[in-house]
Amino acid sequence: MGVLPWVWWYGFRRHTAYPLGSLAESLTNTAFGFIRAYVLLALWDARPGLGGYAAADAVTFCFITQALIGPVQIFGGMDLTERIRNGDVAIDLHRPVGLLGWWLAEDLGRAAGSLVLRAGPPLVAGALAFPFRAPGPAGLAAFAAAVLLGALVGFAIRYLVALGMFWLHDDRGLNAVALVMSLFFSGMILPLVVFPGRLGDVARALPWSAQIQVPADVFLGRRSGAGLLGALAFQAGWAAALLAAGWLLTRAARRRLVIHGG
């Protein structure tokens with residue numbers, strides 16, 4: 001077995017080491033899901049069919065977003081940021097695999113662990129308490145592919161933000177901007193289908209929509225046939241472009257490394 005599968009396994013074991021902590025996070029996500037669901041029901045009661053969604057679609061979307069918070073890491077950063085700040089990244093750069101590959105494998109292990117421990121309760125609670133759109137086996141398989149691609153896009157965005165530390169030496173401003181963009185343009189706050197006109201077109205074309213909006217539409221069955229292939233291709237295209245940008249920026253960052261002023 002190569003190095004990267006072991007790194008993936010390390011990431012999975014690390015992020016499943018405290019199941020009770022993950023359960024607490026999942027219950028928190030579920031509670032906020034109920035709050036958001038009632039807000040969306042009030043909105044759809046006033047505007048039936050908004051964005052082409054029925055009320056059941058909107059509620060299902062709400063709980064899908066709550067289930068995906070952990071796997072796509074909407075709110076989180078990366079440990080790499082602190083390692084750049086304190087100079088430990090120098091050790092990472094001497095490992096037998098590239099910096100990008102190492103952190104990608106670790107993050108996919110984290111995403112898998114989060115999916116196992118945190119995604120289930122919000123979906124089950126939403127299905128029991130509200131009208132819920134559940135896909136069939138083929139839809140679930142397509143949704144799994146969309147979640148994987150969404151996790152890749154999420155990692156690539158966070159990796160690029162983390163690499164900014166090589167130049168800025170302080171990640172607070174960049175992380176704040178990245179968080180606002182992720183929340184607004186991923187569909188975390190509202191489904192992007194309700195965004196009007198040109199704003200909606202732009203929002204759905206940006207990479208953040210690949211994290212939540214596209215997987216949610218796949219789950220809801222709004223993408224099928226050529227539409228499904230197009231949605232997955234959209235995610236894969238952004239993942240490839242952002243990972244390529246991360247690889248190029250990593251090469252540039254090697255020449256910017258400063259440790260303790262030396």
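Author: Arg14, Asp79 and Glu106 are joined in a network of salt bridges, a salt bridge being a side-chain nitrogen of Lys or Arg within 4 Å of a carboxyl oxygen of Asp or Glu. The model is a predicted one, in which local features need pLDDT of at least 70 and side-chain atom pairs count only at pLDDT 80 or more, while totals for chains, interfaces and linings use all residues. Residues are numbered from 1 along each chain as its sequence is written, and side-chain values use heavy atoms, with hydrogens and water left out.

The structure holds 11 salt bridges. One of them joins the side chains of glutamate 25 and arginine 118, with an N to O distance of 3.4 Å. This pair links distant parts of the chain, since glutamate 25 belongs to helix H2 and arginine 118 to helix H6 (residues 99-118), 93 residues apart; helices are DSSP runs of H or I, at least four residues long, numbered from the N terminus. Arginine 118 counts as buried because its relative accessible area is 13%, whereas glutamate 25, at 38%, is partly exposed. Buried here means under 20% relative accessible area, exposed over 50%, and partly exposed in between, with a 1.4 Å probe and protein chains only.

Arginine 158 forms a salt bridge with aspartate 107, their closest N and O atoms lying 2.8 Å apart. Arginine 158 is buried, because its relative accessible area is 9%, and aspartate 107 is buried at 4%.

Aspartate 107 is also in contact with phenylalanine 155, where contact means heavy atoms within 4.5 Å. Leaving aside neighbours within four places in sequence, the other contacts of phenylalanine 155 include Met78, Trp103 and Leu243. Phenylalanine 155 is itself one of the residues that touch the most other members of the largest nonpolar core, which has 67 residues. Such a core is a set of buried Ala, Val, Leu, Ile, Met, Phe, Trp, Tyr and Cys residues joined through side-chain atoms within 4.5 Å.

A further pair lies within a single helix. Arginine 85 and glutamate 82 form a salt bridge with closest N and O atoms 2.4 Å apart. Both residues lie in helix H4 (residues 79-86), 3 residues apart, about one turn of the helix. Arginine 85 is partly exposed, because its relative accessible area is 40%, and glutamate 82 is partly exposed at 40%.

Note on methods
Helices (H or I, at least four residues) and strands (E, at least two) are DSSP runs, numbered from the N terminus.
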